[in-house]
Amino acid sequence: MMSESVSKEMVLAALRKVQEPELHKDLISLNMIENLEISGDRVYFKIILTTPACPLKSRIESEARSAVLSIPGVKIVDIKMDSRVPSDGRSRGLMQLPIRNAVAIASGKGGVGKSTVAVNVAVALAQAGARVGLLDADIYGPNIPTMMGVETLPLPTKEKLIPAEAYCVKLMSIGFLVKPDQPLIWRGPMLHSAIRQLLSDVEWGELDYLIVDLPPGTGDAALSLTQSLPLSGGVIVTLPQQVSLEDARRGMEMFRQLNVPILGVVENMSYLELPDGSRMDIFGTGGGQQLAKEGNVPFLGTIPMDAKVRTGGDNGRPVIVEYPNSPAALALRCIAEVIAAKISMAALENHTTIPITILD
Ligand SMILES: Nc1ncnc2c1ncn2[C@@H]1O[C@H](COP(=O)(O)OP(=O)(O)OP(=O)(O)O)[C@@H](O)[C@H]1O
Ligand SMILES: [Mg+2]
């Protein structure tokens, strides 16, 4: 048989039957196929995902491949996987920063692992290939420089501060601008302008995701942040136990009042894995799920307790870099992927089409 019979229409029809498992639409309706070329029995195209951190990347690729291979006359399907992170259109905000999606990590309570989640999620997204910034908005106790193993900023330009960079993540913190032991006491207006400056006076460049580490509590920093930069979403970190949940509820209420969509709840320090493989529930169980359920928001996952998480934070080598296959790192990577997927879904709901030039 002559292979001329394979047409673009046939390929498009085949790909129309392949669903994006999370967005629940087919690849053609989602404008995910680009650069379709057919030569003889070979078909080439690109699949443009809505995030490089797509957990279902290989499944989408293999389903697209088998759909096209089932067309009579097609022998080779050459697929290039690529991504373009959509913006939900909220994050550009008043300052017109080229930041597609900003996500704040919060909790009502201190010490539950906000900064740990922020750091590891940021690095995971960057490892997947996204352009990521990490803003330490904890202006009372900035920990991000230590946790990322960076002490100083590069020299600024005349107009702007240049963010530091570690593990392919751009980071900015008030910790770079004050002496280590200087107490950080802020009056309301100063705090507001400090947060604004960390956004507007910094050469962030184009970012797919800006992860923002908030200070504990439900205070002014979050308010200043949302006034400066509309957030795509907020993530609540909690421990499994009841007292932590009470605080986390306040964190959730804070996002509601600030009109920030809640992406979901992360439960940290969920259990300790003992040498015999059994699990010890130090802080109780199920609190995170319970909180997500009562707040009617997604549950994003649990992170086990692991000394490697703490040493990673103290040494400036996040667990996701130092022990990428440890259970804690796997959990954190999975949470990063779920967050990316939730952002893609929200962007898609807000804009029914992703602006992509289609075939030919
Ligand atoms: N899953 C974990 N296993 C072991 N240690 C952890 C885990 N998560 C966080 N830690 C450690 O607990 C401490 C508190 O975590 P972290 O600084 O991330 O919390 P935080 O909520 O940002 O605190 P703060 O409210 O003070 O900003 C850190 O020393 C960190 O390394
Ligand atoms: Mg912190």
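Colleague: Is Ser224 buried or exposed?
Modeller: Start with the cut-off: buried means under 20% relative accessible area. This is a predicted model, and in it Ser224 has a relative accessible area of 4%. Ser224 is therefore buried.

Colleague: Where is Ser224 found, and what does Ser224 touch?
Modeller: Ser224 sits in helix 6, residues 220–228. Set aside residues up to four places away in sequence, and Ser224 touches Leu191, His192 and Ile195.

Colleague: How do I read Ser344 in those terms?
Modeller: Take the area, then the element, then the contacts. Ser344 has a relative accessible area of 3%, so Ser344 is buried. Its element is helix 11, residues 327–350. With neighbours within four places left out, Ser344 is in contact with Leu23, Thr50 and Thr51.

Colleague: And Ala67: buried or exposed?
Modeller: The cut-off for buried is under 20%. Ala67 comes out at 16%, so Ala67 counts as buried. Ala67 belongs to helix 2, residues 57–69. Beyond its neighbours within four places in sequence, Ala67 is in contact with Ala14 and Val18.

Colleague: What separates the C-alpha atoms of Ala67 and Lys57?
Modeller: These two residues are ten apart along the chain, and 16 Å lies between their C-alpha atoms.

Colleague: How many bridges join strand 3 to strand 4?
Modeller: Five, and the two strands run antiparallel; strand 4 covers residues 42–49. For a residue pair, look at Glu37, which stands opposite Tyr44 in strand 4.

Colleague: How should I think about side chains along a strand?
Modeller: In a regular strand, side chains alternate between the two faces of the sheet. Then check how covered a given strand is. Strand 6, residues 99–106, is mostly covered: eight of its eight residues are buried.

Colleague: In which sense does strand 6 pair with strand 10?
Modeller: Parallel, over six bridges; strand 10 spans residues 207–213. Within that pairing, Ile99 stands opposite Leu207.

Colleague: How many bridges join strand 6 to strand 11?
Modeller: Four, and these strands also run parallel; strand 11 is residues 233–238. In strand 11, Val235 is the bridge partner of Ile105.

Colleague: Last, the ligand. How many residues surround ligand 1?
Modeller: Begin with the neighbours, then the polar pairs. Ligand 1 has 18 residues around it, the closest being Lys114, Ser115, Thr116, Asn268 and Pro304.

Colleague: Which polar side-chain atoms lie by ligand 1?
Modeller: Thr116 places a polar side-chain atom 2.5 Å from an oxygen atom of ligand 1. Asn268 has a polar side-chain atom 2.9 Å from a nitrogen atom of the ligand. Pro304 contributes through its backbone: a polar backbone atom is 2.9 Å from a nitrogen atom of ligand 1.

Colleague: How much of ligand 1 does the protein bury?
Modeller: Taken alone, ligand 1 exposes 630 Å², and the protein buries 82% of that.

Note on methods: Residues are numbered from 1 along each chain as its sequence is written. Chains are lettered from A and ligands numbered from 1 in the order in which they are written. This is a predicted model: local features need pLDDT of at least 70, side-chain atom pairs count only at pLDDT 80 or more; totals for chains, interfaces and linings use all residues. Side-chain values use heavy atoms; hydrogens and water are left out. Two strands pair if DSSP finds at least two bridges between them. A residue is near a molecule or strand if one of its heavy atoms lies within 4 Å of it. A polar contact is a pair of N or O atoms within 3.5 Å; within protein, one must be able to donate a hydrogen and the other to accept it, and residues adjacent in sequence count only if both atoms are side-chain atoms. Accessible areas come from the Shrake-Rupley method with a 1.4 Å probe; for residues, only the protein chains shown count as cover. Buried means under 20% relative accessible area, exposed over 50%, partly exposed in between (1.4 Å probe, protein chains only). Contact means heavy atoms within 4.5 Å.
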